[in-house]
Amino acid sequence: VNANIEGPTIYDKIIAKEIPSSIVYEDDKVLAFRDINPQAPVHVLVIPKLRDGLTMLGKAEARHGEILGDLLYAAKIVAEKEGILDGFRVVINNGPSACQSVYHIHLHVLGGRQMKWPPG
Ligand code: 5GP
């Protein structure tokens, strides 16, 4: 698994619009689109258009601070657009033991139902 982490992912094709996605928000740096396997009535993925080494949060360096802030702010814009500002969750799965499956950093924005804690 680790050998392929640096390689291209399905999100490259989504960014290039080579495969379709349901886009919720887009600007020059960030793309937000609906998860193909939603875990809540609202389940949107927020990704940087340029991965720039951010396969996962655990690879973040100081230079990534700006894009990480942009991703978090885009999560708020998504929550607002989806009408879940009163209650939503933002998740980053980091690595295999956290069930990360796509190695291009992404925020899950989840809402539209009562969320449980701890998440399991
Ligand atoms: P992870 O498990 O890495 O945190 O989350 C990856 C997410 O990407 C999963 O929730 C999965 O459903 C979603 N996903 C994987 N392939 C596609 C795809 O082709 N299109 C969309 N919209 N979502 C995808």
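Leucine 45 stands opposite histidine 108 in strand 5, strands here being DSSP runs of E with at least two residues and helices DSSP runs of H or I with at least four, numbered from the N terminus. The model is a predicted one, in which local features need pLDDT of at least 70 and side-chain atom pairs count only at pLDDT 80 or more, whereas totals for chains, interfaces and linings use all residues. Residues are numbered from 1 along each chain as its sequence is written.

Strand 3 and strand 5 pair in the antiparallel sense over five bridges, where pairing requires that DSSP finds at least two bridges between two strands. Strand 3 also pairs with strand 2, again in the antiparallel sense and over five bridges, and within this pairing proline 48 of strand 3 is the bridge partner of valine 30. Six of the seven residues of strand 3 are buried, so that the strand is mostly covered; a residue is termed buried if 20 or more other C-beta atoms, placed from the backbone, lie within 10 Å of its own, exposed if 12 or fewer do, and partly exposed in between.

The largest nonpolar core comprises 24 residues, of which Ala32, Val44, Val46, Ala74, Ala75, Val78 and Val109 touch the most other members; such a core is a set of buried Ala, Val, Leu, Ile, Met, Phe, Trp, Tyr and Cys residues joined through C-beta atoms within 7 Å. Two or more residues are given to this core by each of helix 1 (10–15), strand 2 (30–34), strand 3 (42–48), helix 2 (65–82) and strand 5 (107–111). When residues up to four places away in sequence are not counted, valine 78 touches Val24, Tyr25, Ala32, Val44, Val46 and Val109, contact being defined by C-beta atoms, placed from the backbone, within 7 Å.

The ligand is surrounded by 13 residues, the closest of which are Ile36, Asn37, Asn93, Ser101 and Val102, with a C-beta atom, placed from the backbone, within 6 Å as the criterion. By class, this shell has six nonpolar, five polar and two charged residues.

Lysine 17 is found in the loop between helix 1 and strand 1 (23–26) and counts as exposed because it has 10 C-beta neighbours inside 10 Å. Cysteine 99 lies in the loop between strand 4 (88–91) and strand 5 and is likewise exposed, with 8 other C-beta atoms within 10 Å. The peptide bond from tryptophan 117 to proline 118 is cis, with omega near 0°, and proline 118 is placed in the segment after strand 5.

How values were computed
Two residues are in contact if their C-beta atoms, placed from the backbone, lie within 7 Å. Ala, Val, Leu, Ile, Met, Phe, Trp, Tyr, Cys and Pro count as nonpolar, Asp, Glu, Lys and Arg as charged, and the others, Gly among them, as polar.
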